[in-house]
Amino acid sequence: MRQPENTTTQATALTNHDRKPIHIPGSIQPHGVLLALSTQLEILQVSNNTQEHLGKEPEDLLGKPLSYLLEAQQIETVKQCLGKKIGSPNVFRVSINTLHRQRDFDAIAHRTEEAVILELEPTDSKSEVSFLDFHALAGEAIAKMQRTSNLIEFLDVVAQEVQKIIGFDRVMVYKFDQSGAGSVVSEVKREDLSPYLGLHYPATDIPAQARELYTRCFLRFLPDLTAEPVNLVPTANPTTHQPLDLSYSLLRSFDSCCAEYHQNMGVKALLVISLIQEQKLWGLIACHHLTPKYISYEVLKMCEFLGQIVSSELAHKISYSEWNYKVKLKSLQSDFLESISQADNFIDALIKPEIRLLDLVSATGAAVCLDNEITLVGATPNIHEVRALIEWADVQVSDNLFSTDSLPKLYPEALVFKDTASGLLLLRISKVRRYYILWFRPEVIQTVNWAGNPNESIQAQADGSLSLSPRKSFEQWQETVRLTSLPWETCELESAIALSNAIVGIVLSKADELAKINLELERSNRELASFAYAASHDLKEPLRGIYNFSTVLLEDYAQVLDDDGIECLQTVVSLSVRMETLINALLRLSQLGQAQLREQATDLNELVTQVIEVFRASRQDSALVDIRIPRPLPTVQCDRVLVNEVFSNLLGNAFKYNDKPQQWVEIGYFSQEAWGAGETRGQGDKGIRGENLKQVFPFVPNSPCPQVLLPNPQSLIFYIRDNGIGIPQHHLETIFRLFKRLHSQEKYGGGAGAGLAIVKKIVELHNGQIWVESTVGVGSIFYFTLE
């Protein structure tokens, strides 16, 4: 999303606002008490409301040891902060005798660089942990999120579940773009409130320093935006003589600009939950209430816990979506480059069929320029306009890759062909000669709905300086954006660069550059595998936290949980294990993408015997399993470990998806050449030759797979045949996809849905092919080759 014109230019003058030190306000919110302690736990600073909450004046506490307030066991809990990382809290319950009565407090302690901070929030709850709403949070919410099919549905469920837990008038999911601006992508609200869904907000609404704090602190709660802040006494830390760093403090007071901004929206209470992806702030769950509203610390921690689950699942959905698109581009790129390398006519190879060149970067038109020869593909400006554009690029563009989604603003002559080329991606193949590929995208007229006119936030002062002031109105304000196309994605730019690197050798007829094509493709594949590995690896850290946190709750708080609470926590643990299984499968697939084959002469009889022995050892009913091998298997050149995994997966699936009383599997092979010559194929009760094949394999066509053309007619085709439940015809092309399951998780023993994707990858590493023929209720045959 783009910034409005005036805001983009004027916001550069607001660096003073962006540098405002909101993490050291020198005050806190009044609903609790804060004490700053030395490393010896001497009280150095206190908030100026201790008389109200503790019955003691600040002067009575300053300089005193913490034992003046707390018992020895509680002091030990505070001491533990000294050994933790900065900002990591210790939470416990304390009772303190005040002037008139004993009061209960939630105590939250953490350390900073210069002090230990202890915050005390009064509570009326007598139990240490409240799980009244935990079932809705951890059980029902997670189950609903798992069932969603796309990102928007997922975020809608998130907003709904958070609103159920905290009861705020409005709950929104707010997503940031690369510039720091944002938009509301999901919303649940009170019926009488105006909708914010789809509205955009400039980056100045949530300045850079606030976004940085949200990245470090996952929760921000302001129960009363009309409350007066309470100053610290003394203002500066006596040891450092600097303001106290309250970055991780729950009670940290809020900036007056923040209060005015939200009060202009009619908001009196605010809760914000950070959504983190790849250690960066992806967005926020922003919760508004029109009256002051206090939430107990237990519920706040539940919200933080839910935010961690959402962040983990969010990363999975986004990464998987990006992975699919990158795989598509890499596949197109690989096929494209192969055809170019084998072509006699370079131009014909690029543009025939034309859709390949366009699909490589999702463009609607393209122009290929080799010196003075220009060839147009798809929807483009005319030949004279393209020639003039290239002449402009010769002078104005110095980089080998240039992209813009608003060409007319840089090159005014483009106004006449904005309908075909408002977006330009230009690839310079050679700096010596005029070799270009240009891709075009048409103008997409967009109506951007802003929450109020964002330019009203920028105000000129009497001295000519600019300042930021909260807007008075948040009514929808529309801006029509013209002369722009859809933006170019990073992976599309990478695809263009990869194309350039690959065709340099072909264009310049250099043999050494031809070798670089394969190197570039290998590097691209490694990067893609590394992306999957990194994405999966990064997912495991928050998942491990969710699992460990849930396990700790089960172990340490089981005595205060009812049956529903224990059950929903067990559900969290179970779902965490399930998610880890999926991540491990993705990691395994990415590792295969980087694997080097260790081929050796392998006796498949020995290999399959080992697989069967492991299989029988792992099944209690293995004595009832009939595994048939009609004739000795051959010795082949292959990676023994990986091919073992192929047979293990296929054999395991054959019995896993079998509901027959008498289950059997047959493992065999034949040659492509002998298929039509009547070679013996199966040994049920007798040998079956090719002409009798349909009697035993009634669901198999006359050739093993008509759509598969094997390069070597003498290739050996291995098969694993079963009498299982079979596979519907319309699923035969999809079962090899990653995480593709045809049945619910509860049926046939569960699983990640990654086994066949891994098998396919291993077969392809051996330059082989794999396919399946099947009839529902009769059985299946999986075929594969190892070249």
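In this predicted model, R170 is a buried arginine, with a relative accessible area of 6%. That value falls under the 20% cut-off for burial, so R170 counts as buried. The residue sits in strand β7, which covers residues 170–176. Neighbours within four places in sequence aside, the contacts of R170 include E187, V188 and K189. Further along the chain, L193, S194, P195 and Y196 also touch R170, as do A286, C287 and H288.

The peptide bond between V233 and P234 is cis, with omega at about -10°. P234 belongs to the loop that runs between β11 (230–233) and α9 (256–264). Two residues other than glycine have positive phi values. For Q279, phi is near 60°, and this residue is placed in the loop between β12 (269–277) and β13 (280–289). Q279 is exposed, its relative accessible area being 67%. For S362, phi is near 55°; here the setting is the loop between α12 (354–359) and β14 (365–370). S362 is partly exposed, at a relative accessible area of 31%.

Attention now turns to charged pairs. Side chains of opposite charge can pair when their charged atoms come close. Over the whole structure, the search returns 16 salt bridges. One of them joins E76 to K79, at 3.6 Å from N to O. Both of these residues are in helix α5 (residues 72–79), where a spacing of three residues amounts to about one turn of the helix. E76 is partly exposed, with a relative accessible area of 43%, and K79 is likewise partly exposed, with a value of 41%.

A salt bridge also links K301 and E304, with an N to O distance of 2.5 Å. Both residues belong to helix α10 (residues 297–342), and because they are three residues apart there, about one helical turn separates them. K301 is partly exposed, at a relative accessible area of 26%, whereas E304 is buried, at 17%. The value for E304 lies under the 20% limit for a buried residue, and the value for K301 lies between that limit and the 50% mark for exposure.

The salt bridge between D394 and R434 spans 2.6 Å from N to O. D394 is part of helix α13 (residues 383–396), while R434 is in the loop between β17 (423–430) and β18 (435–441), so this pair ties together parts of the chain that are 40 residues apart in sequence. D394 is partly exposed, with a relative accessible area of 31%. R434 is also partly exposed, with a relative accessible area of 26%. Elsewhere, salt bridges link R93, D106 and E298 in a network.

Helix packing comes next. Helix α20 (residues 640–656) packs with helix α22 (residues 755–765) at an angle of about 145°, and their axes are 9 Å apart. The crossing of α20 past α22 is left-handed. On the α20 side, the contact is made by L642, V643, E645, V646, N649, L650 and N653. On the α22 side, the contributing residues are G755, L756, I758, V759, I762, V763 and L765. Sorted by class, this contact of α20 with α22 contains ten nonpolar residues, three polar ones and one charged one.

Finally, there is an open sheet of five strands, with mixed pairing and the order β24-β26-β29-β31-β30. Its edge strands are β24 (626–628) and β30 (770–775), each of which pairs on one side only. From one strand to the next, the twist averages 15°. Within this sheet, β29 (residues 716–722) and β31 (residues 779–785) pair in the antiparallel sense, over six bridges. Among the residues that pair, R721 has I781 of β31 as its bridge partner.

Methods:
Residues numbered from 1 in each chain as written. Predicted model: local features only at pLDDT ≥ 70, side-chain atom pairs only at ≥ 80, totals over all residues. Heavy atoms only, no water. Axes fitted to C-alpha atoms, helices over the stretch in contact; angles between N-to-C directions. Helix = DSSP H or I, 4+ residues; strand = E, 2+ residues; numbered from the N terminus. Left-handed = near helix turned anticlockwise from the far one by under 90°. Contact = heavy atoms within 4.5 Å. Nonpolar A, V, L, I, M, F, W, Y, C, P; charged D, E, K, R; others polar. Buried < 20%, exposed > 50% of the residue type's maximum accessible area, 1.4 Å probe, protein only. Salt bridge = Lys/Arg side-chain N within 4 Å of Asp/Glu carboxyl O. Pairing = 2+ DSSP bridges.
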